[in-house]
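Please look at the sequence and the model that follow, and keep both at hand while reading this report.

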Amino acid sequence: MRLSALFLPTLKENPAEAQIASHRLMLRAGMIRQSAAGIYSWLPLGLRVLRKIERIVREEQDAAGAQELLMPTIQAADIWRESERYDAYGKEMLRFKDRHDREMLYGPTNEELITQLFRDNVKSYRDLPKTLYHIQWKFRDEVRPRFGVMRGREFLMKDSYSFDLDFEGAKRSYETMFTAYLKTFKRMGLTAIPMRADSGAIGGNLTHEFHVLAETGESGVFYDAAYDELAAKGEIDLEALNRLYAATDEKHDPNGADVPPPERLRQARGIEVGHIFYFGTKYSKLMNAVVTGPTGEPVTVEMGSYGIGVSRLVGAIIEAYHDDRGIMWPEAVAPYKVGLINLKSGDSACDAVCDDLYRTLSEQNVEVLYDDRDGRAGVKFADMDLIGLPWQLVLGPKGLAAGIVELKNRHTGEKHELSVESALARLTA
Ligand code: 5CA
């Protein structure tokens with residue numbers, strides 16, 4: 001993409017309404033614009049990141065055996081009456097009537113709809129287990145939408161739902177998702193700490209919130225230092241993890257684990273990027289999701305639900321990866337891998353070499369944003385640092401004369417002067 005053509009409305013000043021870094025930077029880097037409180041348009045640069053996160057989430061869900069479908073954003077009120085949540089949900093649910101005076105709502109989550117789909121279409125234990133998911137926009141009329149996409153009213157969520165014949169099966173489905181979540185966040189460059197959440201009676205041990213550590217997180221998190229060691233391994237022993245102390249704000253471990261000694265107690269703030277939950281027959285009982293079991297008896301299915309805040313993750317990743325000049329995208333979710341800076345656009349020699357680099361990289365499927373604008377070098381450097389592409393490839397008349405380009409790593413700040421060929425080799429390796 002040529003920057004001269006890209007719809008990228010960057011801002012020089014910090015917008016007054018933004019209180020945290022990710023919100024500020026998403027506005028300044030031209031990723032989003034607010035359309036109403038907690039409701040955003042995603043501009044091209046922001047949308048590319050959102051899509052990359054979505055793709056990682058999708059790949060890991062598919063790898064875990066979950067199947068994608070797509071449910072609508074608008075739902076009928078009836079099914080929410082069946083589950084007895086229509087009144088209980090309160091003002092967070094956006095309700096309205098269609099032209100026939102039927103009560104409708106903009107879905108805040110999809111337990112009801114998926115349970116209806118399941119009960120109308122699955123009749124036998126032979127069709128179990130099943131885990132189904134979608135990636136869809138939700139609406140929750142939050143009292144205090146804030147921090148940009150972190151707590152929006154309209155937001156993109158991945159939600160999966162598992163259906164099993166018995167508790168053992170449900171536990172397996174839960175553990176499969178648990179592992180998939182760790183892999184998912186790790187691929188985005190994030191360490192997400194799984195914290196047992198308080199679920200009341202039904203969930204027991206089987207509910208976790210995944211928190212990305214960040215100073216601006218909305219939740220206080222307290223956990224055993226051994227968590228970090230377990231999390232680093234990738235494949236996590238859920239039993240071992242569940243024995244460790246972990247608690248959110250109230251400092252009370254829902255599982256009753258003892259508070260570790262001070263030297264092993266980690267205290268931080270966290271952003272909840274995922275939440276998984278076993279809820280047994282809560283919905284299947286009320287909504288009559290029953291299959292025929294192996295001996296012909298009716299079995300009410302066991303369910304769980306598994307959410308990831310896809311749009312919130314964009315903000316969470318920025319909270320984890322930025323400095324005072326801008327964003328520092330991990331490569332897996334960066335909108336482009338390389339920013340190519342032409343220091344003297346309009347100079348025929350510089351243009352020729354840059355155009356050539358741009359073409360060669362594009363042909364090799366390296367995603368390049370090419371700053372071909374007329375303008376001062378300082379502005380180009382500042383914009384490139386702001387939008388935070390992992391690599392900057394800089395070419396000016398001086399370098400050109402000596403046959404070299406500069407390759408800068410946005411994370412480390414390291415700069416290398418290289419021949420055009422070796423810069424290309426590095427970026428395409
Ligand atoms: N159906 C369940 C799946 S467990 C559910 O809705 N869970 S949830 O309420 O915890 O939401 C799942 C994830 O969506 C949260 O972990 C969070 O990352 C994200 N999320 C929730 N509310 C918002 C919001 N207002 N703005 C942005 N992301 C949100």
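Which polar backbone atom is 3.4 Å from a nitrogen atom of the ligand? That atom belongs to M150.

## About the model

This is a predicted model, in which local features need a pLDDT of at least 70 and side-chain atom pairs count only at pLDDT 80 or more, while totals for chains, interfaces and linings use all residues. Residues are numbered from 1 along each chain as its sequence is written, and side-chain values use heavy atoms, with hydrogens and water left out.

## Contacts with the ligand

## The shell around the ligand

Around the ligand there are 20 residues (each with a heavy atom within 4 Å of it), and T109, E111, R140, G152 and E272 come nearest. By class, this shell has 7 nonpolar, 7 polar and 6 charged residues, where Ala, Val, Leu, Ile, Met, Phe, Trp, Tyr, Cys and Pro count as nonpolar, Asp, Glu, Lys and Arg as charged, and the others, Gly among them, as polar.

At least two shell residues are supplied by each of the strands β8 (154-164), β13 (265-280) and β16 (302-309); strands (E, at least two residues) and helices (H or I, at least four) are DSSP runs, numbered from the N terminus.

Although I271 and G315 are 44 residues apart along the chain, their C-alpha atoms are separated by 9.5 Å.

In strand β10 (residues 207-213) one finds H208, which is buried, with a relative accessible area of 0%. The side chain of H208 makes a polar contact with the side chain of Y174 at 2.6 Å (a pair of N or O atoms within 3.5 Å; within protein, one must be able to donate a hydrogen and the other to accept it, and residues adjacent in sequence count only if both atoms are side-chain atoms).

## Helix α11 and its end

Helix α11 spans residues 377-387, and its buried residues include K380, D383, M384, D385, L386 and I387. Just after α11, G388 takes a positive phi of about 75°.

Terms used: Buried < 20%, exposed > 50% of the residue type's maximum accessible area, 1.4 Å probe, protein only.
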